[in-house]
Amino acid sequence: MDEKIKIVVADDDSSLVLLLKFRLENEGYVTHVAKDGKEAIDLIELHNPNLIISDIMMPIKNGLEVVEHVRFYLKSKVPIILFSKAGHEEIVMRSFKLGINDFLNKPFIVNELLIRIERMLTKTQI
Amino acid sequence: MNKIIEALKFIYAAFLEESLLVQLIWLCIPIFFLLFFINIFLISIYRFRLIQRDKKETKYKKTYQNFTLEFIMTNDYEEEKKIERKVKKISANSYNRSLMLKIILALSSSVSGEYNEKLKKLYVNSGLIYYSYKKLKSRKWYVKIEGLRELTQLYIKNGFEKKIEQKIRPLVSHKNKVLKGEAYLALVQLKGTEGLYFLNDFKEELSEWQQIELLEALFKIRNIEFPYAATWLTSTNPSVVLFALKIVEVYSLIQYKSLLVELINYKDTKVRRRVIKILVKFNVTEAINPLWIKYEHEATSYFEKIELLDAIHCLQNKPQKLSPIKEDNKKVLISA
């Protein structure tokens, strides 16, 4: 039986999270949403998703801390996409050093994000 | 009961026997206690109101978010019109209006492309744009700034550009510095480099921060041109010249090299130093002789002399025949 692909989306902007949830569920993905880093980590540990999409600037724990937790504590290789409004070179470099797979600057085109997600999931399945 | 009355009488008698200062101190104790309890009471009320406000916001936010998402994802004209009418209706109330705007602004700063265009369409067609325009007429500078930011972030060619621009232009010379800075940015976002017309005759100082913000706003414009760059480079205002130099450097406007060479003799030190760096970066060899003349006849400080020599060396790309450099300063001689 084909297991549905699970995605965790984390951002403190509830409108964006709702939009992404709607679009991702339309594409057939099971989507769990979080409004802060701590909630994101809880969801990741609970659902063991196939992909994580997260903003960097979030309350309680930020996106980089979520990545650190996933890569170094959970030792998971799940693909991670980060996005941020403040896409400074340092933040981008630090994110890639921590082990993310892709980075998007806000504002981004939602369709572009969906294509990147599809490619990333295809790559990991091969 | 009698005992309590006796005790109070005793305390009162003892109180009257004390000196004035001690009496005052004693009076302060119940006053402070009273103030403390009033404070706790007020904080509780305020906290309760905040909780109620959050609950109200949560309740309405979900509904308005759904309106917004339905609008941006539908392709049906009738559906769009229906939602625009709904938003127009709820925007009559100031609380709902500000919540709706908050949602649209937050989403528009996160998504671009088709969804962003639809958000702007909703903003204009639902009439929210009129409320932002009205904010420009407010006496409060921070309300004007809110209006400016809303209009520029959600700007779309809507036929009201001239009206909006007419309202923003006077703000460029407003006494409030923050509002002025926002007006500069708003003009750039609305009209591109044409919006920087005010620099042509700018008498005030354009701060470093304002220059950075303007440059960031310019970066977002595609196929950019600078028709007034020559005017800015020849301005008597050093901060305008410095801003123009940043533009020349970032956008590699090499066509202005002759103007840059002239700026070697500009009155302001910061401008001269910046120009020299740009001349070296662009490898403008025509600057070698003017730099030499500056070094031999006009430069006084040894820092300036060293900079000039460094620039000449870089431009010539070979060790300069230094016979004879008449130089008393040993540090400069060593550098040469």
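Reader: How many residues of chain A are in contact with how many residues of chain B?
Author: This is a predicted model, in which local features need pLDDT of at least 70 and side-chain atom pairs count only at pLDDT 80 or more, while totals for chains, interfaces and linings use all residues. Residues are numbered from 1 along each chain as its sequence is written, chains are lettered from A and ligands numbered from 1 in the order in which they are written, and side-chain values use heavy atoms, with hydrogens and water left out. Contact means heavy atoms within 4.5 Å. By that rule the residues of chain A in contact with chain B number 14, and their partners in chain B number 15.

Reader: What area do chain A and chain B bury between them?
Author: Buried area is the accessible area (1.4 Å probe) that two parts lose on being put together, summed over both. Carbon and sulfur atoms carry 60% of it here, and the total for chain A and chain B is about 1300 Å².

Reader: Which element gives the largest share of the side of chain A that touches chain B?
Author: Helices (H or I, at least four residues) and strands (E, at least two) are DSSP runs, numbered from the N terminus. Seven residues of that side come from one element, residues 14–26 of chain A, which is helix H1.

Reader: How many residue pairs are in polar contact between chain A and chain B?
Author: A polar contact is a pair of N or O atoms within 3.5 Å; within protein, one must be able to donate a hydrogen and the other to accept it, and residues adjacent in sequence count only if both atoms are side-chain atoms. With both residues at pLDDT 80 or more, the count between chain A and chain B is eight.

Reader: Is Ser132(B) buried or exposed?
Author: Ser132(B) lies in helix H6 (residues 128–135) of chain B, and its side chain makes a polar contact with the side chain of Tyr123(B) at 2.5 Å. Buried means under 20% relative accessible area, exposed over 50%, partly exposed in between (1.4 Å probe, protein chains only). Because its relative accessible area is 0%, Ser132(B) is buried.

Reader: In what order do the elements of chain A run?
Author: Chain A has five helices and five strands. From the N terminus on, the order is β-α-β-α-β-α-β-α-β-α.
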